[in-house]
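The sequence and the structure are shown first.

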Amino acid sequence: MSSLKFATLAVVFLMPVLAQQAIPAGTPRVAVATLNGKVVSKTAPVYPPAAKEAHVQGVVKLDALIGADGRVQSLQVLEGPAILIPAATDAVRQWVYQPVQLNGQPTAVVTTIEVNFTLLN
């Protein structure tokens with residue numbers, strides 16, 4: 001492996017986790033299965049070329065605050081390969097859901113989302 005490739009991979013694997021916004025305490029938590037049927041728009045993540053080249057696969061697990069309007073308002077990274085986190089968060093930030101109703105009113109909710117990255121042979 002050339003030193004340039006090694007340096008690039010080292011930087012990508014060691015990059016710090018993105019700055020994260022706290023999920024407000026007391027926000028109702030819903031199972032992702034509850035939201036699956038409410039997806040209006042779901043952008044697929046772009047597999048990072050460096051991750052493909054390094055054969056990195058895995059799951060990025062995120063806590064997402066879904067606003068009363070159904071849009072993703074903030075994300076917290078729970079776990080996952082560092083090289084895949086930016087692609088996962090970029091995609092999930094674009095997702096839109098039908099608003100969740102609580103007592104007949106649209107409300108913000110928190111859910112855990114898993115974004116799978118798998119290389120096909």
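In which loop is the place of H55? H55 is found in the loop between helix 3 and strand 2.

## Basis of the report

The model is predicted: local features need pLDDT of at least 70, side-chain atom pairs count only at pLDDT 80 or more, and totals for chains, interfaces and linings use all residues. Residues are numbered from 1 along each chain as its sequence is written, and side-chain values use heavy atoms, with hydrogens and water left out.

## Overall architecture

The chain contains four helices and seven strands. Along the sequence, the order of elements is α-α-β-α-β-β-α-β-β-β-β.

Of the 121 residues in the chain, 33% are buried. Here, buried means under 20% relative accessible area, exposed means over 50%, and partly exposed lies in between, with a 1.4 Å probe and protein chains only. The chain exposes about 7200 Å², of which carbon and sulfur atoms supply 57%; accessible areas come from the Shrake-Rupley method with a 1.4 Å probe, and for residues only the protein chains shown count as cover. Among contacts (heavy atoms within 4.5 Å) with a separation of 6 or more, 77% involve residues 24 or more positions apart.

An open sheet is formed by three strands in the order 3-2-7, with antiparallel pairing. The edges are taken by strand 3 (72-79) and strand 7 (109-117), each of which has a single partner strand, so one side of each is left without a neighbour in the sheet. On average, neighbouring strands of this sheet are turned by 30 degrees against each other, direction ignored; the axes are lines fitted to C-alpha atoms, for helices over the stretch in contact, and angles run from 0 to 180 degrees between N-to-C directions.

Strand 2 (residues 58-66) pairs with strand 3 in the antiparallel sense over six bridges. Two strands are taken to pair if DSSP finds at least two bridges between them. A64 has L75 in strand 3 as its bridge partner.

Helix 4 is largely enclosed by the rest of the structure because six of its eight residues are buried. These buried residues are I85, A87, A88, T89, A91 and V92, and the buried residues of helix 4 pack against strand 2, strand 3 and strand 7.

## Contacts of F117 and V46

Leaving aside neighbours within four places in sequence, F117 is in contact with several residues, including P45, V46, Y47, P48, V60, L84, A87 and A88. V46 lies in the loop between strand 1 (39-41) and helix 3 (49-53) and is exposed, with a relative accessible area of 66%. Not counting residues up to four places away in sequence, V46 touches A87 and F117. The C-alpha atoms of V46 and P86 are 9.6 Å apart, although these residues are 40 residues apart along the chain.

## Salt bridge

The chain has one salt bridge, defined as a side-chain nitrogen of Lys or Arg within 4 Å of a carboxyl oxygen of Asp or Glu. R29 forms this salt bridge with D63, the closest N and O atoms being 2.9 Å apart. R29 lies in the loop between helix 1 (3-14) and helix 2 (32-36) and D63 in strand 2, so the pair ties together parts that are 34 residues apart in sequence. D63 is buried, with a relative accessible area of 9%.

H55 has a phi near 60 degrees, a positive value in a residue other than glycine, and is exposed at a relative accessible area of 62%. N103, also a residue other than glycine, has a positive phi near 55 degrees. N103 is located in the loop between strand 5 (100-102) and strand 6 (105-107) and counts as exposed at 76% relative accessibility.

T107 lies in strand 6 and is buried, with a relative accessible area of 18%. Apart from neighbours within four places in sequence, T107 is in contact with I66, G67, A68, V100 and L102.

Conventions: Helix = DSSP H or I, 4+ residues; strand = E, 2+ residues; numbered from the N terminus.
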